[in-house]
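Notebook open, structure loaded. I'm jotting down what I look up as I go.

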Amino acid sequence: MRILLVEDDPDIARQLKQALSDASYAVDHAPDGEEAQFLGETEPYDAVILDLGLPKIDGVSVLERWRREGMSSPVLILTARDAWSEKVAGFDAGADDYLTKPYHTEELLARLRALLRRATGRSQPVLSCGGLRLDPRAARASVNGEPIRLTSLEYRLLHYIMMHQGRVISRTELVEHLYDQDFDRDSNTIEVFVGRLRKKIGPDRIETVRGLGYRLSPLPGEAE
Ligand code: CA
């Protein structure tokens with residue numbers, strides 16, 4: 001899961017970026033409206049956290065333009081305390097949720113999880129595929145009740161393919177959703193990560209669809 005964080009306050013940005021990385025998200029940070037505009041239009045984010053008071057272009061204008069261009073990622077806006085008109089403008093511009101500053105990081109992470117769930121049409125907080133389970137609240141996964149140990153990148157990969165299970169996901173799509181923009185992206189490394197994941201969750205859950213990508217499905221006989 002890859003998140004765009006738009007925040008001009010360097011302290012808040014640093015703290016939030018750390019919290020998001022600790023929760024195993026890939027994070028790109030935009031410190032102003034112009035950079036946000038560009039990144040939101042060129043990179044496929046799973047969700048966006050958007051501060052509204054920004055240098056260069058304000059957050060509401062950025063969001064309006066994104067939506068006009070067809071950008072459909074869920075957007076959580078950060079607004080100033082008691083600025084109800086800002087919230088209204090934000091929702092009207094296409095925001096999906098909001099948080100008032102100052103906020104608790106835990107609440108922000110919970111709202112983000114809810115947004116990501118809704119974006120893929122899910123209501124259950126725990127993802128499951130047969131005996132394979134993943135709980136984004138604790139960033140933990142298990143197979144048939146046995147916890148499995150995953151690195152941050154393996155977890156991110158599993159989270160993404162579990163969110164999109166049953167569908168073929170190309171390597172390019174995985175690269176775009178697992179790495180931040182500064183990462184040295186090489187789609188060959190995806191194969192390595194899929195290989196490591198197979199060792200941990202069982203060899204047959206992730207199918208390689210020749211020339212197209214990967215698909216996660218329950219094992220034969222397992223319930224969805
Ligand atoms: Ca600000």
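Into which domains is the protein divided? I found domain 1 (2-119) and domain 2 (127-216); the bounds come from an automatic or database domain assignment.

Ground rules before I go on. This is a predicted model, where local features need pLDDT of at least 70, side-chain atom pairs count only at pLDDT 80 or more, and totals for chains, interfaces and linings use all residues. Residues are numbered from 1 along each chain as its sequence is written, and side-chain values use heavy atoms, with hydrogens and water left out.

Entry 1, the two domains. I see their C-alpha centres 25 Å apart. On contacts (heavy atoms within 4.5 Å), I get 16 residues of domain 1 touching 14 residues of domain 2. I looked for salt bridges between the domains (a side-chain nitrogen of Lys or Arg within 4 Å of a carboxyl oxygen of Asp or Glu) and the count is zero.

I place Tyr160 in helix 6 (residues 152-163); helices here are DSSP runs of H or I, at least four residues, numbered from the N terminus. Is Tyr160 buried or exposed? It's buried, at 2% relative accessible area; buried means under 20%, exposed over 50%, partly exposed in between, using a 1.4 Å probe and protein chains only. Leaving aside neighbours within four places in sequence, I list its contacts as Met1, Asp46, Arg167, Ile169, Glu173, Leu174, His177 and Leu178.

Terms used
Helices (H or I, at least four residues) and strands (E, at least two) are DSSP runs, numbered from the N terminus.
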